[in-house]
Amino acid sequence: GVDLVKTTVHILLPLSLVATWFTQRELLGVVDWRWPDFLHTLSALPLAAGLAGVVFLWRARPGQRWLWSRVEAAGRTALTNYIGQSFVIALLAEPWGFGLYGDLNGVAMTATAIVVYALLAETSYLWLRYFRLGPLEWLWRCGTYWQWLPNRRAAA
């Protein structure tokens, strides 16, 4: 596990960041290289596996339960969060919303994505204290069984 984390942090993550930087330079028309896509392809699967390993090792650390419970809640309400993130980002970017498309740099976009994810993860955690499923997951299940199913948790 620790070797996977070291490989991810020392090799795969930098490789992916370099490939991203080269791709950005190419998109700006500064250079005309074709191999950054190859670097992304080379690093994508091992990087994903390494980051998954980092998450599982992080989960095992004492004192991190409060944070992991939010990640679990976001996973249990994945459909709701997917649609919610799409809506919030569209609201920020599109002309019918705040119209910020093209106005934010990479750091601002990353920070915005982290804040949106954190808010939805906290909302999911609070929602699941009172309900068994997320709202869209519940509607999906009701549609699957063609009946309204109970979703509220029993009072403690």
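The model is predicted, so to speak of local features we need pLDDT of at least 70, side-chain atom pairs count only at pLDDT 80 or more, and totals for chains, interfaces and linings use all residues. Residues are numbered from 1 along each chain as its sequence is written, and side-chain values use heavy atoms, with hydrogens and water left out.

Start with H4, residues 78-93. Helices here are DSSP runs of H or I, at least four residues, numbered from the N terminus. The 16 residues of H4 should span 22 Å at 1.5 Å a residue, and its end C-alpha atoms are 22 Å apart, which agrees. The expected span is 1.5 Å times one less than the number of residues.

Next, the crossing. The axes of H4 and H5 (residues 106-130) come within 10 Å and cross at roughly 140°. Axes are lines fitted to C-alpha atoms, for helices over the stretch in contact, with angles from 0 to 180 degrees between N-to-C directions. That makes H4 oblique to H5; oblique is what remains after under 35 degrees (roughly parallel), over 145 (roughly antiparallel) and 65 to 115 (roughly perpendicular).

In contact, meaning heavy atoms within 4.5 Å, H4 residues including Asn81, Gly84 and Val88 meet H5 residues, among them Thr112, Val116 and Tyr117.

Thr80, Asn81, Gly84 and Ala93 are the buried residues of H4, with buried meaning under 20% relative accessible area, exposed over 50%, and partly exposed in between (1.4 Å probe, protein chains only). They pack against H3 (65-76), H5 and H6.

Finally, Leu139 lies in H6, residues 135-145. At 43% relative accessibility, Leu139 counts as partly exposed.

Conventions:
Helices (H or I, at least four residues) and strands (E, at least two) are DSSP runs, numbered from the N terminus.
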